[in-house]
Amino acid sequence: MAVVYQILQILGSLGVFLYGMKLMSEGIQNAAGDKLRNILKGMTKNRYLGIFTGFLITALIQSSSATTVMVVSFVNAGLLTLTESIGVIMGANIGTTVTLWIIAVLGKFNITAVAIALIGISFPFLFSKKEKTKHFAEFLLGFGILFIGLDFLKNSVPDINSNPEILSFVKSFTSLSFPYASILLFVLLGTIMTLIVQSSSAASAITLTLLIQGWIPFELACAMVLGENIGTTVTANIAAAIANVHAKRAARFHFLFNIIGVVWMLIIFKPYTHFIASFLNSDFFQSLANFAGKDNYSIGMAIFHTTFNLINVIILMWFINILAKMVIKMVPTVKDEDEEFHLTYIGSGIMAMPTLSVANAKNELNNFGKLIEKMSGNVYSLFYEKQKDDFKLIEKIKKREELTDKLDEELSQFLSKVAEEELNIETAKEIRQILTISNELERIGDIMYELCKNYERLKRESVQLPDNAKDELKDLVLLTNKAISLMHKNIVSNGKDVPLNEANNLEKEINRKRKEIFTHHFERLEKSIYTPKVGVLYIDFVNRFELIGDHVINIQEAIAGENDFSQI
């Protein structure tokens with residue numbers, strides 16, 4: 001029973017640590033908003049800036065996994081090339097070492113007192129009406145909770161000297177007959193632990209605790225750190241599993257980069273760790289840092305982690321092009337797969353930052369608008385341009401209509417998951433706005449396909465419309481297409497300087513044209529120019545094009561922010 005209780009204590013402590021890290025990461029991401037996204041897009045012009053960008057963002061959000069998933073998403077969206085993403089991923093590996101330094105350095109103080117002080121400072125600001133102040137307070141609160149979790153973790157792991165039976169068990173693994181067997185075993189253990197907790201920072205904290213409590217020697221703690229470097233690559237590879245080939249390559253590079261680093265480090269592992277251990281025990285280090293006893297090795301772990309990743313970047317940054325070619329061979333282009341429709345911007349799953357997820361959804365909405373504009377051109381071609389095969393074009397429009405259904409469904413599912421996170425007022429409003437526009441676009445796609453089915457019926461029954469009726473309808477179609485083009489342009493502009501006057505004028509023209517067509521339609525019926533059956537089909541065309549105009553103006557108003565999304 002005592003063993004079960006102790007295990008629960010360790011799991012609970014780890015839970016507090018991970019919750020603190022999550023709160024801290026989300027707080028700084030929400031406080032920064034789109035700034036992190038803009039940094040990532042703007043500072044990747046060369047490999048040095050890319051590395052610095054990866055380091056900076058990871059150091060800020062305290063999660064290399066979040067950075068690499070973000071990178072995979074941008075590569076998937078075409079915002080970063082594979083080569084640009086490689087620099088950011090390299091920098092993220094260096095940035096993730098900051099966590100261990102914070103824990104190692106602050107760990108020598110009474111960290112519970114520091115944590116309580118941080119929580120005390122942050123607590124009043126949690127009730128601030130200013131979103132950024134509130135999110136920064138959440139960052140500090142998470143920081144405090146993280147250290148409380150770390151302190152709990154240290155206290156819940158028993159001192160091995162008080163448990164001689166455990167000491168003999170651990171020694172059986174730390175002194176295997178094959179020289180490198182113990183090292184390789186603990187590399188594997190570090191990998192598995194990171195896979196389980198899904199955080200290299202949490203895995204590092206556990207390793208550090210085991211080292212301080214005497215469960216493992218310094219050398220094997222360093223071996224576990226190497227394993228954690230391998231385990232942390234899995235998150236990005238999972239995110240890329242449903243992404244395009246370019247995103248898969250970025251994720252695979254992360255794995256390849258870390259594996260290469262681990263391999264060369266294992267070759268020089270013993271002399272390298274011995275050198276660090278000697279440095280920790282040197283008079284120079286003692287006078288420099290004045291750290292005592294076994295706590296020296298917590299600093300040693302941070303030194304090992306940082307120097308390993310730093311040297312790995314310095315060595316491999318000169319081979320970026322070669323590594324890129326290797327990754328391309330590992331993940332070759334499969335034409336049939338890559339030509340299939342897929343969600344370009346949100347195919348790699350939920351991002352760690354809601355504002356980034358919403359920004360990606362907006363970009364996906366741009367593609368949706370482009371698809372609708374293409375469909376409007378297809379419908380015009382069907383009605384007014386001679387085709388070799390009308391039914392082939394109708395089939396093309398049908399397939400595109402099916403894509404609009406999929407886009408609307410996927411966007412809804414994606415944003416529903418994003419909405420489960422804690423959102424600020426502006427982000428929540430943007431989600432409702434995107435869902436509204438997506439639904440309207442999907443309805444336009446449905447109407448266009450319904451128009452095609454009626455056109456098909458017209459052809460099948462060999463019905464001919466009078467030339468003047470076709471010309472009037474053509475004017476209406478051109479007005480509708482013009483409104484759709486303006487709509488797509490405004491979606492791309494993301495609501496900035498939306499010319500709503502122009503949109504309203506086009507809507508009025510569409511309505512005026514519809515009334516004019518109705519007047520002439522009744523005149524033709526009175527003169528028996530066409531039969532009531534033909535007239536019904538003709539007016540159905542007119543009504544559907546006018547209905548498209550209604551949906552378009554709804555979208556324009558949504559983009560301009562004139563809809564009250566709080567009521568949706």
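Tutor: We'll go through the cavities and then one serine. This is a predicted model, where local features need pLDDT of at least 70, side-chain atom pairs count only at pLDDT 80 or more, and totals for chains, interfaces and linings use all residues. Residues are numbered from 1 along each chain as its sequence is written, and side-chain values use heavy atoms, leaving out hydrogens and water.

Student: OK, how many cavities of 30 Å³ or more are there?

Tutor: Five. A cavity is a set of points on a 1 Å grid over the protein atoms alone where a 1.4 Å probe fits but cannot get out, and lining residues have an atom within 4 Å of a point. Volume is the space filled by probe spheres set on the points.

Student: What's the volume of the largest cavity?

Tutor: About 60 Å³. Of its 10 lining residues, Thr96, Ser200, Glu228, Asn229 and His305 are the closest to the centre.

Student: Which helix gives the largest share of that lining?

Tutor: Helix 12, with three residues. Helices here are DSSP runs (H or I, at least four residues), numbered from the N terminus.

Student: New topic: is Ser438 buried or exposed?

Tutor: Ser438 is buried, because its relative accessible area is 1% and buried means under 20% (1.4 Å probe, protein chains only). Ser438 sits in helix 22, residues 425–460.

Student: What does Ser438 touch, leaving aside neighbours within four places in sequence?

Tutor: Leu365, Phe368, Asp408 and Leu411 are in contact with Ser438, with contact meaning heavy atoms within 4.5 Å.

Notes. Helix = DSSP H or I, 4+ residues; strand = E, 2+ residues; numbered from the N terminus. Buried < 20%, exposed > 50% of the residue type's maximum accessible area, 1.4 Å probe, protein only. 1 Å grid on protein atoms, 1.4 Å probe; cavity = no way out; pocket = protein on both sides within 12 Å on 5 of 7 lines; lining within 4 Å.
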